[in-house]
Amino acid sequence: MGDRSERGSAKHKRRTTIAGDAAGAQAKRGGAGETLSGQVKEKEQRHETPANKHKSHSDAGDDAFSCHKLQESLLSSNSGYSNYRGILNWCVVMLVLSNARLVLENLIKYGILVDPIQIISLFLKDPYSWPALCLIIVSNVFIMAALYIERKLSVGTISECTGTFLHCINLAALLFVPAATVLSVSSMTPVGGVMALGVFTVLFLKLYSYRDVNKWCRESRRAKARTLSRSHSCPSVHKANGTAGYTHVNYPGNLTHRDIYYFIFVPTLCYELNFPRSPRIRKRFLLRRLLEMLFLMQLMIGLIQQWMVPTIQNSMKPFQDMDLSRIVERLLKLAVPNHFIWLIFFYWYFHSSMNFVAELMQFGDREFYRDWWNSETIPYFWSNWNIPVHKWCLRHFYKPMLVKGVNKFTAQLAVFFMSAFFHEYLVSVPLKMFRLWAFLGMMAQVSLKYSILLVEHQTQFLISHSLSVSDPTRLFCGPILEGKLWQRRRLDVADHWPADRCAHVLSRLLRAALWERGRGRRGMTQPFLQ
């Protein structure tokens with residue numbers, strides 16, 4: 001009878017231990033250690049009696065032959081396993097194999113289409129006429145106009161209102177004179193027009209920042225004029241310990257030709273009197289960036305000629321017949337090279353080219369992009385993939401509007417309106433056709449952002465990541481397809497997409513977003529640029 005009671009208590013303790021082990025495994029996965037301490041106490045209690053000692057020896061003998069334990073599968077969320085590097089490598093191998101098949105299929109079907117000589121015709125129609133280059137050289141007139149207006153303002157020769165009026169005329173001419181030239185000169189190619197207008201757009205943003213910063217310096221100087229007198233001198237460069245040292249520049253000592261042209265060439269849109277400088281030029285770093293620029297440029301040109309041009313040429317008939325299934329098939333076929341070329345362009349421009357220029361100019365701030373590839377929302381993507389433009393919008397457009405009392409939604413809408421204008425400016429003017437595709441594509445980002453905020457977090461994650469796929473297609477497939485349509489004079493395809501319907505859908509989405517914002521939901525008032 002006593003043996004039976006001992007045996008029953010031993011069974012009870014054994015069940016308790018098994019339950020404790022299961023709870024301990026669960027607590028270990030959650031990061032808690034209370035159950036583990038309970039197991040230790042129970043094991044100590046098991047060794048108190050001789051019968052338990054004898055039973056523990058028999059359990060140890062049984063455990064020597066056991067091959068199972070309480071555990072979860074690795075792919076289960078409760079397992080805590082997170083090392084999926086091998087699966088990522090497997091995906092990379094599959095991606096390489098699938099793209100290798102596409103490359104082989106393309107070579108078998110079309111042969112080698114890469115022709116470096118043909119690229120010259122994209123920039124020049126007449127080898128003795130260089131309208132795009134001449135237009136870029138003329139931009140020095142607007143740079144000198146901005147410098148001498150600021151010099152007159154610094155000495156008080158002209159009033160602040162007159163200086164603002166002259167700056168507005170200079171900036172307006174900076175946009176409309178090159179646009180009129182591109183539209184009127186027949187020898188201007190679309191690629192040359194895009195390059196020239198891109199230079200003038202960057203110059204517009206730089207000179208706007210140049211005017212704002214100098215105005216802030218004048219206001220600060222007038223505020224301190226009664227209590228502080230300071231000496232001003234032009235910037236000078238001296239040698240210190242074998243490296244170039246730069247003296248601190250004060251206003252109006254920055255109003256020199258050297259200073260403004262340094263700002264024009266450095267890879268930033270926001271002007272400062274004293275930029276951060278790197279101590280020296282690293283020649284090996286400079287050579288690596290140069291080789292990357294040359295190689296990636298040839299790679300992009302080869303991919304466009306070999307991969308995209310034949311696909312676009314084969315897409316003309318489905319667009320003419322408005323065969324929806326064939327159109328979707330062609331767009332999906334273009335999505336792979338578009339995305340690939342967009343990624344190469346991003347690395348070529350924002351990393352190789354900008355770092356090359358920054359190293360050559362000893363410009364210290366190299367934050368040209370952030371981790372946009374980890375974006376889960378549209379605002380995060382737009383505020384991290386192009387840092388120079390983001391800083392300019394935040395410093396010279398968004399925050400000044402908030403200071404003047406404009407609400408955040410209106411300021412955000414104004415920022416995207418300006419971005420949409422410049423996208424349309426760089427697409428429609430060089431191609432000499434005005435369809436508002438680029439403008440509506442950018443403005444749709446506002447409604448897309450507020451539409452995403454109306455759904456659950458999981459849907460928000462998926463749609464925001466789809467932006468990374470759709471944006472390169474819109475930016476690269478659109479202009480190339482438009483160029484081909486323009487060359488073939490088959491623009492009737494665009495008539496199937498009326499602008500009034502797009503505007504109606506956009507207005508409905510905006511009204512829905514404003515209605516939800518009026519209900520006081522959290523997150524609806526977060527600005528795009530913060």
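How close do the axes of α6 and α8 come, and at what angle do they cross? Select both helices, α6 (131-155) and α8 (190-224), and look along them: the axes come within 10 Å and cross at roughly 5°. (Axes here are lines fitted to C-alpha atoms, for helices over the stretch in contact, and angles run from 0 to 180 degrees between N-to-C directions.) That makes α6 roughly parallel to α8, a label for angles under 35 degrees; over 145 is roughly antiparallel, 65 to 115 roughly perpendicular and the rest oblique.

Before you click on, some ground rules. This is a predicted model, where local features need pLDDT of at least 70 and side-chain atom pairs count only at pLDDT 80 or more, while totals for chains, interfaces and linings use all residues. Residues are numbered from 1 along each chain as its sequence is written, and side-chain values use heavy atoms, with hydrogens and water left out.

**Stop 1: the whole chain**

Colour by secondary structure and you'll find 18 helices and two strands. Helices (H or I, at least four residues) and strands (E, at least two) are DSSP runs, numbered from the N terminus. Of the 530 residues, 36% are buried, which is to say under 20% relative accessible area; exposed is over 50% and partly exposed is in between (1.4 Å probe, protein chains only). Among contacts with a separation of 6 or more, 72% join residues 24 or more positions apart. A contact means heavy atoms within 4.5 Å.

**Stop 2: both sides of α8**

Back to α6 and α8. Show side chains for Phe142, Ile143 and Leu147, which are among the α6 residues in this contact, and for Phe200, Leu203 and Leu207, which are among those from α8. By class the contact has 14 nonpolar, four polar and four charged residues. For that count, Ala, Val, Leu, Ile, Met, Phe, Trp, Tyr, Cys and Pro are nonpolar, Asp, Glu, Lys and Arg are charged, and the others, Gly among them, are polar.

Leu171, Leu174 and Pro178 are among the α7 residues here, and Phe200, Phe204 and Tyr208 are among the α8 ones. This contact divides into twelve nonpolar, four polar and five charged residues.

**Stop 3: Trp392 and the core**

Which residues touch the most other members of the largest nonpolar core? Pick Leu174, Trp385 and Trp392, out of 69 residues. Such a core is a set of buried Ala, Val, Leu, Ile, Met, Phe, Trp, Tyr and Cys residues joined through side-chain atoms within 4.5 Å. Apart from it lies another core of 14 residues, including Leu286, Met293, Leu296 and Met316.

Zoom in on Trp392. Not counting residues up to four places away in sequence, Trp392 touches Leu205, Tyr208, Ser209, Leu269, Cys270, Phe397 and Met418. Trp392 also belongs to the contact of α14 with α15, where Phe397 and Met401 of α14 and Ala414 and Met418 of α15 take part too. The axes of α14 (residues 387-403) and α15 (residues 408-431) come within 9 Å and cross at roughly 145°. Ten nonpolar, two polar and one charged residue make up that contact. While in α14, click on His390, buried with a relative accessible area of 9%.

**Stop 4: Tyr271 and α9**

Next, find Tyr271 in the loop between α9 and α10 (283-314). Buried or exposed? Tyr271 counts as buried, at 0% relative accessibility. Tyr271 and Trp392 are 121 residues apart in sequence but 9.4 Å apart in space, C-alpha to C-alpha. Beyond its neighbours within four places in sequence, Tyr271 contacts residues including Ser209, Asn254, Asp259, Phe263 and Arg395.

Asp259 and Phe263 are among the buried residues of α9 (residues 257-265). The cover over the buried residues of α9 includes α6, α8 and α12 (324-361).

**Stop 5**

- Pro252 sits in the loop between β2 (243-246) and α9.
- Gln362: not a glycine, yet phi is positive, about 55°. Gln362 is in the loop between α12 and α13 (378-382), buried at 12% relative accessible area.
- Leu436: another non-glycine with positive phi, about 60°. Look in the loop between α15 and α16 (437-452), where Leu436 counts as partly exposed at 41% relative accessibility.
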